[in-house]
Amino acid sequence: MPLPSDPSLDARLKHVLRHLPAPVGIVSSFDPDNGEPVGLAMSALMPVSLEPCSMAIAINRAGSAHDAMVRAGKFCINLLDSPRQDYLTPFASYAGRADRFTQADWRQNGAVWFIEGAPANIFCDIRERLAYGTHDLLIGEVYDLRSTGGADILGWANGALGRLSPLDKD
């Protein structure tokens, strides 16, 4: 994994992080002004604690979903499987915004939007917000969880979408 010719630290870090596997999903919420769904594709998500049960996401303050999500005070991490990989495309770019939330299995849990039948939906109330650089780290306390038990979780590594699954034991 040779480093890029661009000597800047951010370019070199971005290159290295391309090889760091991470789950990928759609983080969704709603705009409290009109109830409309908001969301974005994300791999910057992680568990924080089991006491209390909590998750963290890192969201760019310039992103289209940022302000509404912070004002709503809630988000849902929708982990995806192979059959739902096409859900990512409209959430990964501004150009696809009109096609977000068009699949028939989007539902609401209270006001928060989620994908019914996804391997996992992790519903969180935002408890902490830490601004750093271009992003806010939002720590959410889990208040509801749905899981199909599916093990086919999509991830991002080596600059491509793939499956995160255990290695077979011999």
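**View 1. Aromatic pairs in the predicted model.** The count of aromatic pairs in this predicted model comes to six. In one of them, the rings of phenylalanine 91 and tryptophan 106 have centres 6.0 Å apart and planes at 40°, so the pair is tilted. Phe91, Phe101 and Trp106, together with Trp113, form one aromatic cluster.

View 2. Seven strands make up an open sheet in the order S3-S2-S6-S9-S10-S5-S4, and their pairing is antiparallel. The edges are taken by S3 and strand S4 (45-50), each of which has a single partner strand, so one side of each is left without a neighbour in the sheet. Averaged over the sheet and with direction ignored, neighbouring strands are turned by 30° against each other.

**View 3. The pairing of S6 with S9.** Strand S6 (residues 74-79) and S9 run antiparallel and are joined by six bridges. Within this view, isoleucine 77 stands opposite isoleucine 122, the latter being in S9.

View 4. A disulfide is a covalent bond between the sulfur atoms of two cysteines. A search of the whole structure finds zero disulfides, and cysteine 76 is accordingly in none, with the sulfur of cysteine 124 as its nearest cysteine sulfur at 7.7 Å. Seen from the other partner, cysteine 124 is also in no disulfide, and the nearest cysteine sulfur is that of cysteine 76, 7.7 Å away. The distance of 7.7 Å is not within the 2.5 Å that a disulfide requires, and therefore the two sulfurs are not counted as bonded. Cysteine 76 is buried, with 0% relative accessibility, and cysteine 124 is buried as well, at 0%.

**View 5. A salt bridge between a loop and helix H2.** The structure holds 11 salt bridges, and one of them brings together the side chains of aspartate 33 and arginine 71, with an N to O distance of 3.1 Å. The two residues come from distant parts of the chain, 38 residues apart: aspartate 33 lies in the loop between strand S2 (25-30) and strand S3 (37-42), whereas arginine 71 lies in helix H2 (residues 66-72). Aspartate 33 is exposed, its relative accessible area being 64%, while arginine 71 counts as partly exposed at 43%.

**View 6. A salt bridge with a buried aspartate.** Arginine 61 and aspartate 136 form a salt bridge in which the closest N and O atoms are 3.0 Å apart. Arginine 61 sits in the loop between strand S5 (53-60) and H2, and aspartate 136 in strand S10 (residues 135-147), so that the pair, 75 residues apart, links distant parts of the chain. Which of the two accessibility classes, buried or exposed, applies to aspartate 136? At 1% relative accessibility, aspartate 136 is buried, whereas arginine 61 is partly exposed, with a relative accessible area of 32%.

View 7. Glutamate 141 and arginine 127 meet in a salt bridge whose closest N and O atoms are 3.1 Å apart. Glutamate 141 is in strand S10 and arginine 127 in strand S9 (residues 120-132), 14 residues apart, and the pair links distant parts of the chain. Both residues are partly exposed, glutamate 141 with a relative accessible area of 29% and arginine 127 with one of 49%. Through salt bridges that share partners, Lys74, Asp125, Arg127 and Glu141 are joined into one network. Lysine 74 has a further contact in this view, as its charged end sits over the ring of tyrosine 143, 4.6 Å from the ring centre.

Notes
Residues are numbered from 1 along each chain as its sequence is written. This is a predicted model: local features need pLDDT of at least 70, side-chain atom pairs count only at pLDDT 80 or more; totals for chains, interfaces and linings use all residues. Side-chain values use heavy atoms; hydrogens and water are left out. A salt bridge is a side-chain nitrogen of Lys or Arg within 4 Å of a carboxyl oxygen of Asp or Glu. Helices (H or I, at least four residues) and strands (E, at least two) are DSSP runs, numbered from the N terminus. Buried means under 20% relative accessible area, exposed over 50%, partly exposed in between (1.4 Å probe, protein chains only). Rings of Phe, Tyr and Trp (its six-membered ring) pair if their centres lie within 6.5 Å; planes under 30 degrees apart count as stacked, over 60 as edge-to-face and the rest as tilted. A charge sits over a ring if NZ of Lys or CZ of Arg is within 6 Å of the ring centre and within 35 degrees of the ring normal. Two strands pair if DSSP finds at least two bridges between them. Axes are lines fitted to C-alpha atoms, for helices over the stretch in contact, and angles run from 0 to 180 degrees between N-to-C directions.
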